[in-house]
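Welcome, and please open your viewer. We will take this tour one selection at a time.

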Protein chains: 2
Amino acid sequence: MGAVLCRRQAGAAEAILEDVEMARPAATAPRDLLVRIEAASLNPIDRKRRAARPLLDPTGAVLGWSAVGVVEETGTGVRRFVPGQRIWYAGASERPGSFAEFQLVDERIAGRAPTGLAAEQAAAMPLAGLTAAEALYDHLSIDRAGPGHVILINGGGGAVASLAVQLARRNPAVEIIATAGSPQSREWLLHVGADHVVGHRICLWQQVRQLGCPAPRSIISMYTNKRSWESYIAMLQPFGHICLADHPGTLDIGAARAKSLTLHWQAMFTRPAHLGEASCRQGELLAELARLCDERAITPFPVRPAAPLSAASVAAAMDQQQNGGPRPVFVPQSRMN
Amino acid sequence: MGAVLCRRQAGAAEAILEDVEMARPAATAPRDLLVRIEAASLNPIDRKRRAARPLLDPTGAVLGWSAVGVVEETGTGVRRFVPGQRIWYAGASERPGSFAEFQLVDERIAGRAPTGLAAEQAAAMPLAGLTAAEALYDHLSIDRAGPGHVILINGGGGAVASLAVQLARRNPAVEIIATAGSPQSREWLLHVGADHVVGHRICLWQQVRQLGCPAPRSIISMYTNKRSWESYIAMLQPFGHICLADHPGTLDIGAARAKSLTLHWQAMFTRPAHLGEASCRQGELLAELARLCDERAITPFPVRPAAPLSAASVAAAMDQQQNGGPRPVFVPQSRMN
């Protein structure tokens with residue numbers, strides 16, 4: 001099968017992407033699904049992994065962690081899917097990714113795909129949607145929040161923020177403040193359900209205070225640095241919650257003690273890395289996202305026109321990648337023909 | 001009224017405690033109760049505050065944050081208590097403490113005292129009991145935990161751990177691991193409801209693994225340092241919770257990301273410092289603790305024979321203070337006579 005391999009050659013400064021032909025994998029693990037990939041999206045993690053692995057295996061790695069495809073084969077212990085079903089998933093960071101014609105994924109971290117979305121649109125959602133859903137439901141219990149619960153989603157109009165605003169909006173009691181870095185993001189976030197939009201990074205707590213709503217009880221942060229951290233602590237109610245959906249460095253966590261705050265780490269790859277029956281939660285969240293898409297209860301994040309999957313197209317998309325813009329999506333060439 | 005004042009004299013190396021006569025306070029704030037103190041207990045915070053405030057106001061501060069007494073006067077806005085009622089409370093760290101004959105406390109952070117406990121026993125409970133109850137209920141939601149939920153209480157047999165074990169035990173689905181530093185603590189913790197007791201600080205995660213129960217989902221930590229922190233992260237289930245009830249310094253919190261862990265800060269003085277209607281939660285928890293004492297559903301933490309309140313007795317008790325031993329309690333001399 002065709003695949004795009006990310007590989008560090010001896011002496012090279014940066015990992016290269018190359019088009020390769022490799023053996024089609026087989027569903028030999030009991031809970032594995034072999035998936036014929038329809039489309040896969042580029043996410044910030046791909047560029048980070050290309051840049052951040054100086055000791056990358058010389059045999060290379062297939063990147064890509066957000067895809068939609070059709071089940072081709074099933075392992076002997078698979079209970080939830082049969083061949084021919086269309087599924088979507090983010091996958092596991094330790095296993096080969098979706099920039100290939102076929103991929104193996106454990107059934108516990110896959111969900112049925114929406115029927116009403118084009119493959120290109122669907123492929124952009126699993127990683128960002130799981131991040132938003134796990135943050136909102138598994139960490140912040142936003143579905144059980146009552147009146148007066150204000151949540152700040154500091155995501156600058158990116159894919160996670162876009163979906164987090166829409167999922168939080170499903171609880172009408174919650175008041176949503178989002179952040180935007182551009183007028184376009186601002187309009188989009190208001191369109192998908194934010195009650196207020198504030199500037200991206202400047203004096204966050206002062207802007208929030210000026211809105212006149214109650215102090216936030218919950219925050220989802222995709223931009224955690226010293227400055228935003230201090231703003232979070234200043235603005236939150238006592239016993240409030242901060243969910244970190246990015247990967248910040250050192251934080252002065254002791255500053256959160258005086259208000260008895262709670263700090264949640266949200267890493268989408270946790271459940272894939274610790275497979276057990278609890279990992280089915282990820283499959284269930286994906287099935288719920290599919291249902292919401294089919295009911296048009298959530299609007300998918302905008303994507304660029306799909307490009308044929310190749311080392312050149314992935315590399316070009318990585319070079320152009322920006323936070324907040326339409327998401328690049330790739331379709332295996334066998335499917336473009 | 002008589003009181004014990006903690007005061008730093010110019011040039012002195014350590015704050016001194018002295019017996020003083022000061023004006024009896026009056027309930028001029030609307031929600032204040034003036035309390036005639038029956039007994040007050042010594043807690044670790046008293047020694048810390050004596051040691052850690054080099055810029056202590058030269059007018060001095062009254063320490064003591066765990067007391068029982070009788071309402072003597074009420075502010076104009078008090079709704080929950082009337083003069084003559086017996087109450088217990090921890091109080092607010094910014095206001096004068098309980099080492100005096102009278103004290104003011106906001107009604108929202110006070111609860112009715114148990115009727116079946118001697119004043120000396122009752123005085124030992126509010127600060128430790130609130131810490132345990134807020135950690136278990138407000139942070140870890142242990143009352144809603146189902147079968148298979150294992151909690152580790154790393155408290156070495158201290159007052160908080162003693163009460164946390166008993167409150168957690170009220171949910172029969174929860175499996176409780178406690179830590180002890182001595183055979184006496186071990187016996188006591190098993191007596192009050194722990195399922196397992198492990199050694200205090202040595203290779204915590206290995207000891208827990210050897211118990212053969214499921215991996216813990218929740219931890220309450222009164223001994224958070226580099227070593228225990230690493231053990232917590234190694235032993236917890238993905239999406240597990242750590243509640244810090246002490247005041248640790250720097251922690252490598254990024255290590256908690258791969259498992260999507262949640263970190264709760266528990267500071268008992270948060271609600272007193274941010275008074276609002278939400279602070280009534282502390283009064284409600286104290287009323288619930290009183291009910292459990294009266295039903296003999298919890299066993300009070302052991303106390304030393306009560307000493308008459310004086311600078312000398314408080315200073316002597318501070319010098320002898322140990323973690324895990326019976327709690328020193330003081331009774332105003334006017335009440336001893």
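Two parts are in contact when heavy atoms of one lie within 4.5 Å of heavy atoms of the other. Keep that in mind as you explore this predicted model.

**Stop 1: helix 4 of chain B.** Select residues 159–169 of chain B, which form helix 4. Is this helix mostly covered or mostly exposed? It is mostly covered, with 10 of its 11 residues buried. Colour the buried ones, including Val160(B), Leu163(B), Gln166(B) and Leu167(B). Now show what they pack against in chain B: helix 3, helix 5 (183–191) and helix 9, along with strand 9 (150–154), strand 10 (175–180) and strand 12 (218–221).

**Stop 2: helices 3 and 9 of chain B.** Next, select residues 126–139 for helix 3 and 280–294 for helix 9, both in chain B. Their axes come within 10 Å and cross at roughly 105°. Angles of 65 to 115 degrees count as roughly perpendicular, so helix 3 of chain B is roughly perpendicular to helix 9 of chain B. Show side chains at the contact: helix 3 brings residues including Leu130(B), Ala133(B) and Tyr137(B), while helix 9 brings, among others, Arg281(B), Leu285(B) and Leu289(B). By class, this contact has 7 nonpolar, 2 polar and 3 charged residues.

**Stop 3: between the chains.** Which residues of chain A lose the most area to chain B? Select Phe239(A), Arg257(A) and Trp265(A), which together make up 32% of what that side buries. If you look for salt bridges between chain A and chain B, the count is 0.

Technical notes:
Residues are numbered from 1 along each chain as its sequence is written. Chains are lettered from A and ligands numbered from 1 in the order in which they are written. This is a predicted model: local features need pLDDT of at least 70, side-chain atom pairs count only at pLDDT 80 or more; totals for chains, interfaces and linings use all residues. Side-chain values use heavy atoms; hydrogens and water are left out. Axes are lines fitted to C-alpha atoms, for helices over the stretch in contact, and angles run from 0 to 180 degrees between N-to-C directions. Helices (H or I, at least four residues) and strands (E, at least two) are DSSP runs, numbered from the N terminus. Angles under 35 degrees count as roughly parallel, over 145 as roughly antiparallel, 65 to 115 as roughly perpendicular and the rest as oblique. Ala, Val, Leu, Ile, Met, Phe, Trp, Tyr, Cys and Pro count as nonpolar, Asp, Glu, Lys and Arg as charged, and the others, Gly among them, as polar. Buried means under 20% relative accessible area, exposed over 50%, partly exposed in between (1.4 Å probe, protein chains only). Buried area is the accessible area (1.4 Å probe) that two parts lose on being put together, summed over both. A salt bridge is a side-chain nitrogen of Lys or Arg within 4 Å of a carboxyl oxygen of Asp or Glu.
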